[in-house]
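The sequence and structure come first, and the text follows.

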Amino acid sequence: MTQMDFSSFLTSLGTSFLIFVVLMLLFSWLSRKPGNAVIYYPNWILKGLDPFEGGSRTRNPFSWIREAMSSTEQDVISISGYDTAVYFVFLSTVLGILVLSGLVLLPVLLPVAATDDNGKSAATTSNGIFSDLEKLSMGNVKSKSPRLWAFLLALYWVSFVTYYLLWKAYKHVSGLRADALMSREVVRPEQFAILVRDIPPVPEGQTRKDQVDSYFKTIHPETFYRSMVVTNNKEVNKIWKELEGYKKKLARAEAIYEKSKTTGKPEGARPTNKIGFLGLIGKKVDSIEYYNAKINEVTPKLEVEQKVTRKEKQQNSALVFFTSRVAAAAAAQSLHAHIVDKWTVTDAPEPRQLIWSNLKIKFFQRQLRQYVVYVLVALTILFYMIPIGFISALTTLDNLKKLLPFLKSTVNIAAIKTVMEAYLPQLALIIFLALLPKILMCLSKAEGIPSQSHVVRAASGKYFYFIVLNVFIGVTIGGTLFSTFKTIQKKPDSIVSILASSLPLNATFFLTFVALKFFVGYGLQLSRLVPLIIYHLKRKYICKTEAELKEAWFPGDLGYGTRVPGDMLIVTIVLCYSVIAPIIIPFGVVYFGLGWLILRNQALKVHVPAYESYGRMWPHMHTRILGSLILYQLTMFGYFGAKEFYYAPFLIPLIILSLTFGYVCSQKFYRFFHDTALEVACHELKEAPDMEQIFRAYIPPSSSFEKIDDEDYEYALSQVSRSGSFV
């Protein structure tokens, strides 16, 4: 990777900052307009709060900063849930690590590096130009220098700060999870249920329902309430989706008809549509009459199919309900059968989280799927490294001019050259990465995971390993190998020293990458320009009903599946370069500080959680921060070796300490994030729970209709979530 000169770096930084300021001012202006309230305050609107209460429409345009800063953790929990609060613990923890590290590293290491009088020749680039930024990096310190002790001790400081803050955060998040699960105010259906999979074949003369009931009544005679057998509801889903489609179209036609009475003749103009292919050909009919007729035709078909499904399409899994939280928690942690692949029991996810189509997948099938997915992900990581390394090498100006000589005259223009050096490699990388997350979500779902939050955690883990291996390692190694290939061919034994010496040269690339992420990325998130434009276009040209309007502005959640791995990439980059090039630390501080501020605003006013897992993402966050720290320590061990520093082995105890710390944290804290502690679950609710309501919470829309017998509920369960989405 060829280096960026100082003027290009400042251009990149200044332009990114200017874009951020413009986007922030746009947000301040646009968010005060009542017509945009559904874009900037959807969470408040859904909770029945008035975003402009008390004439605040004309308030200070930067009051959102004060509101975000003054909000408490309890505010976040009450509005956006425990998972969001835990995400802010993560941001605060990383911010604390970087601030405390920077307070020591910046005043100590920068003078040590800058005042070394013998580093210029060692840190020149291939064309002999010495970067101003490299004078402030470890690359400016000569080999075997006693000054390297300062960098080694700094590594110890960063590591111990990380241990302390991670331990403190783990204890805090465990307390938050306990508070949520022992709450006496809120009845959570999932705390009274367990998920049972791998049910053996039905004995002769019994139904699946009888089999499940008799099994759990025998084991839990005092606390068993009832069971709900999973059914193959594929056909019901199809008919229900068709019926819902007709209902939406009818509502749209009626809205168009009512509007025509105010814009045209008093009697209005009844809407029509063609019933052929895609509504483009065929007979023209009255839309209201046609959709009413279709609803009347499909409704009986749905009711018949529901009854058939509940009684004839039962599968090998069920939800079992208990009369108390502690009984359900104890059952979920117990081994029910002496054969591991029979009567597999886990805690039940929230009703809206269940991936019903995965519940029927058998034990060994799930194991096999998991291994196959791991192999596919490993292949994806390896094969993606090739194009990413290629892109990182090609998108440098020198290489572009070699490959595309006709561009030479254009890119030599000073202004164009500066902008392209500042942004081209980073933009190419960011666009390339945007293509991957959906693939990883699909692969995680294919493992047979039963809940949406678990799929998000699994996908985020895969994405983390991908971006660390491909972006951090791939960019560093790929760019260096490309530019030094001939040297390595002549002297193959020089590859380690060449790669090690390339680390400071890549610092400027990652500095601008981080700056682009926080200034432009967070600026776009705050301004919400893209959702705003889409909403107003849909409102003007497409949406006719209130339901369609709500669908157009509904914001979704924070998107942890990609957000957390993206943050982890920044953690990895900043940690790994914190000692090599300490100037990167302020950039990391700004990234996480600005992120905390802007996302606090978005969490309180914009995003709506799609699920609640009570902080189950935290152990994964903790492990990956620690993984980044260990990668950092290994990188520094290699770099000290390249610097011929004889005391580099002093880092080996630190690596062992990091592994030990991770093991101790896992043993002490992790079990509670996998299972509910009985001392937490035993707290009684203020009022006795309505068990029937808890039971019915798991019946999705496609399995219920107005006149349903109690007997039907015994079989009612489908493969569609309560939100109505099909999975």
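## Charged residues in the model

At 33% relative accessibility, Arg369 counts as partly exposed. The structure is a predicted model. Arg369 is found in helix H12, which covers residues 363-394. Together with Lys234, Lys238, Lys301 and Lys360, Arg369 forms a positive surface patch.

Other charged side chains are paired. How many salt bridges does a search of the whole structure find? The search gives 15. The table lists some of them.

| Pair | N to O distance |
|---|---|
| Lys605 and Glu67 | 2.6 Å |
| Glu548 and Arg252 | 3.0 Å |
| Asp286 and Arg270 | 2.6 Å |

The salt bridge between Lys605 and Glu67 links distant parts of the chain, with the two residues 538 apart. Lys605 belongs to helix H24 (residues 584-605) and Glu67 to helix H4 (residues 63-70). Lys605 is buried because its relative accessible area is 5%, a value under the 20% cut-off. Glu67, at 21% relative accessibility, counts as partly exposed.

The side chains of Glu548 and Arg252 also meet in a salt bridge. Glu548 lies in helix H22 (residues 546-553) and Arg252 in helix H9 (residues 234-263), so this pair ties together parts that are 296 residues apart in sequence. Arg252 is partly exposed, with 24% relative accessibility.

Asp286 and Arg270 form another salt bridge. Asp286 is in strand E4 (residues 284-286), while Arg270 is in the loop between H9 and strand E3 (272-274); the two are 16 residues apart. Asp286 is buried, at a relative accessible area of 18%. Arg270 counts as partly exposed, at 38% relative accessibility.

Salt bridges can also join into a network, as they do for Arg226, Glu692 and Arg696.

Glu190 is a separate case. Is this residue buried or exposed? Glu190 is buried, yet has no salt bridge. The nearest side chain of opposite charge, that of Arg188, is 4.8 Å away, whereas a salt bridge needs a separation within 4 Å. Glu190 lies in the loop between helix H7 (148-181) and strand E1 (193-197). Which residues is Glu190 in contact with, leaving aside its neighbours within four places in sequence? They are Ala348, Pro349, Glu350, Pro351, Tyr614 and Tyr698.

Key: Residues are numbered from 1 along each chain as its sequence is written. This is a predicted model: local features need pLDDT of at least 70, side-chain atom pairs count only at pLDDT 80 or more; totals for chains, interfaces and linings use all residues. Side-chain values use heavy atoms; hydrogens and water are left out. Helices (H or I, at least four residues) and strands (E, at least two) are DSSP runs, numbered from the N terminus. Buried means under 20% relative accessible area, exposed over 50%, partly exposed in between (1.4 Å probe, protein chains only). Lys and Arg count as positive and Asp and Glu as negative; His and the chain ends are not counted. Contact means heavy atoms within 4.5 Å. Patches are made of residues with over 30% relative accessible area and no salt bridge: like charges are joined within 9 Å, nonpolar side chains (Val, Leu, Ile, Met, Phe, Trp, Tyr) within 5 Å. Accessible areas come from the Shrake-Rupley method with a 1.4 Å probe; for residues, only the protein chains shown count as cover. The place of a charge is taken as NZ of Lys, CZ of Arg, CG of Asp or CD of Glu.
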